[in-house]
Amino acid sequence: MDNFTFEFLKILVFIISKPLCSFFNFCMKEGVFPNLLKTALIFPLYKGKGSRVDSLSYRLISNVPIMGKLFEKMISYSILNEVGDNLSNNQHGFRKFRSCMTACSVFSSHILKSIDKRNQKCGAVFVDLKRAFDYVDLF
């Protein structure tokens, strides 16, 4: 399906939507994410700085199949629909209308309120997960 243009898929949407929905629902029911949908083409993109022979000078770009993206979107929607109301207000990642900027804003607001109070202690822990996702599991 990835060899088709987006315009062509828009024309096909009325033909393939019902069988595709049935397939996705079956996969959800069985708890299976088909390998064909999660196989990506990965290629390095030079960041424009650093040595060209250093792997850290490259950002990995993944071309995920369109049907895989649709399935991921369906799973994400289902999960957020199920647990959305039960998430903490402090959860900013992967939520609508929330981002790193809203998290920083809330954090800054807490610090400023703490500074104004007498004998108030304030602490923070920052975790850098930058390199946590640099590896591709081949098995």
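**Chat about a predicted chain**

Biologist: Which helix does Ser114 lie in?

Modeller: Ser114 lies in helix H4, residues 100-116. Helices (H or I, at least four residues) and strands (E, at least two) are DSSP runs, numbered from the N terminus. One caution: this is a predicted model, where local features need pLDDT of at least 70 and side-chain atom pairs count only at pLDDT 80 or more, while totals for chains, interfaces and linings use all residues. Residues are numbered from 1 along each chain as its sequence is written, and side-chain values use heavy atoms, leaving out hydrogens and water.

Biologist: Thanks! Is Ser114 buried or exposed?

Modeller: Ser114 has a relative accessible area of 14%, so it is buried. Buried means under 20% relative accessible area, exposed over 50%, and partly exposed in between (1.4 Å probe, protein chains only).

Biologist: And which residues does Ser114 touch, not counting those up to four places away in sequence?

Modeller: Leaving those out, Ser114 touches Gln120 and Cys122. A contact here means heavy atoms within 4.5 Å.

Biologist: New topic: how many disulfides does the structure hold?

Modeller: The structure holds zero disulfides, a disulfide being a pair of cysteine sulfur atoms within 2.5 Å.

Biologist: Can we zoom out? What order do the elements run in from the N terminus?

Modeller: The order is α-α-β-β-α-α, which comes to four helices and two strands. Of the 139 residues in the chain, 12% are buried.

Biologist: At what angle do H1 and H3 pack?

Modeller: Helix H1 (residues 6-30) and H3 pack at about 55°, with axes 11 Å apart. Axes are lines fitted to C-alpha atoms, for helices over the stretch in contact, and angles run from 0 to 180 degrees between N-to-C directions. H1 and H3 are therefore oblique to each other. Angles under 35 degrees count as roughly parallel, over 145 as roughly antiparallel, 65 to 115 as roughly perpendicular, and the rest as oblique.

Biologist: Which residues make the contact?

Modeller: Among them are Phe24 and Cys27 of H1, and Met67 and Leu70 of H3. Met67 is buried, at 10% relative accessibility. The C-alpha atoms of Met67 and Phe24 are separated by 9.6 Å, although these residues are 43 residues apart along the chain.
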